[in-house]
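Welcome! Please take a look at the sequence and the 3D structure below, and then read on for a short tour of the aromatic rings.

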Amino acid sequence: MGDLPDLPTRDQLEVRRLGDARVPSPYQGRRERFIDDEGRVLVTAETGELEALLEADAAIPSFEAAGPRREVFHSPDQLTCGIVTCGGLCPGVNDVIRSIVLTLNHGYGVRRVLGFHYGYAGLSAHARKPPTFLEPAALENAHLHGGTLLGTSRGPQSVAEMVDNLVRWKVSILFTVGGDGTLRGASAIAAEIEQRGLPIGVIGVPKTIDNDLLWIERSFGFATAVEAARAAIGAAHTEARSAWNGIGLVKLMGRHSGFIAAHATLASGDANFCLVPEVPFALEGDNGFLRHLEERVVTRRHAAVVVAEGAGQDLVPASGERDASGNLKLGDIGGFLKTRIREHFAANEIPIDLKYIDPSYMIRSQPANTMDSSFCLILGQHAAHAGMAGRTDMMVGFWNHSFTHVPLSLVAAGRKQLDPEDEIWQRVLDATGQPPRMR
């Protein structure tokens, strides 16, 4: 699952509610199994941690279980819901939108769902386009296409303005699909709503292609990204082995977490080096990356290198600039390595044939594969159930093989990263044969 913070307390795991759910759910005619509010999912399944908690007579932390309730907070009559998608593109966004709309419409009889365009900018006072009514018939093939049919953007907006517009459009549940910045924004919106005493729920659906959000085992789009990245590594390997002293260099997504690079390396079986943000490396020296790459090329006459975009940032000149979301712009490690590899081999009078592949935008814009598509469907369903039950300031999670309700405050507490000591990274080292440390 990656490197995680300390176990949260019971208070930190409490999901906020708009009020008591007293309306018989229209969903009752569609299924026999409902989730009780007492249903829980353990935060930890580690034997040692559980034993320590039991010995200390401490409360065992657990998430609220996701799923439909027998009673809901909102009456579907005249209910208006809103959906907004923010941040970078990710396979499966349209699947999530479609799932939320279909579940609200067919499961609960909600007929009015608004899609706000171009991220939180669509909720601002200066929105470029009014919201669109999302109807099931219009979404029939939405899941077959990449991108987001609502558009997206980055950057902060006035929280007060966004809440004003929710009131203006009579929105009672807002579904936000996005990563850590989007979810922090959703929590700020929920706080403003609470301060005003409004009965409006805010439900997050976690979207991060890097799989770096806390308290979710995997995010949607990740499986598609790994599958596409595997193809890129395969192409780089084919190019490399087809040339004398061929080197294939592939840059993949992963600003702070190397999950895509690591899992694509494992899936391909063709990479000889995998460089990730969590494991620093040196370029020069007897144990530096370039020396090990040279040894590989001289002995095997080809090599495939995978690097996550956030790896080796201590080696790349920093621009000091930030994007619209406030994220520090990364140095181009791919272009940097391409240049330094060529310089190193030229200095040692070793001819090479280097091919550089950056498939990032091709991967981000793809439609979801079958695994992600089904995962998105379930996430959207659980988001709709949570919203109708009156939950707010939370996201739908997936933990210990179960779907959960996670307070947004927990998501903002940090970022999930690879642990260099855990099994995933050890498997990468076994698969590539690279040294555990190149420093």
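Predicted model: local features only at pLDDT ≥ 70, side-chain atom pairs only at ≥ 80, totals over all residues.

Across the whole structure, a search finds nine aromatic pairs. A pair of aromatic rings is described by the distance of the centres and the angle of the planes.

**Trp215 and Trp399**
- The ring centres of Trp215 and Trp399 are 5.3 Å apart, and their planes meet at 65°; planes over 60 degrees apart count as edge-to-face, so this pair is edge-to-face.
- Trp215 sits in the loop between β10 (201-206) and α5 (222-241), while Trp399 belongs to strand β16 (residues 394-399), so the pair ties together parts that are 184 residues apart in sequence.
- Trp215 has a relative accessibility of 2% and counts as buried.
- Trp399 is buried too, with a relative accessible area of 1%.
- Together with Phe63, Trp215 and Trp399 form one aromatic cluster.

**Phe398 and Phe403**
- For Phe398 and Phe403, the ring centres are 4.7 Å apart and the planes are at 50°, so the pair is tilted.
- Both Phe398 and Phe403 are buried.

**Charges over rings**
- Where does Arg218 lie? Arg218 is over the face of Phe375, at 4.0 Å from the ring centre.
- Lys416 lies over the face of Phe259, with 5.4 Å to the ring centre.

Key. Residues numbered from 1 in each chain as written. Heavy atoms only, no water. Phe/Tyr/Trp six-rings, centres within 6.5 Å; stacked < 30°, edge-to-face > 60°. Helix = DSSP H or I, 4+ residues; strand = E, 2+ residues; numbered from the N terminus. Buried < 20%, exposed > 50% of the residue type's maximum accessible area, 1.4 Å probe, protein only. Lys NZ or Arg CZ within 6 Å of the ring centre and 35° of its normal.
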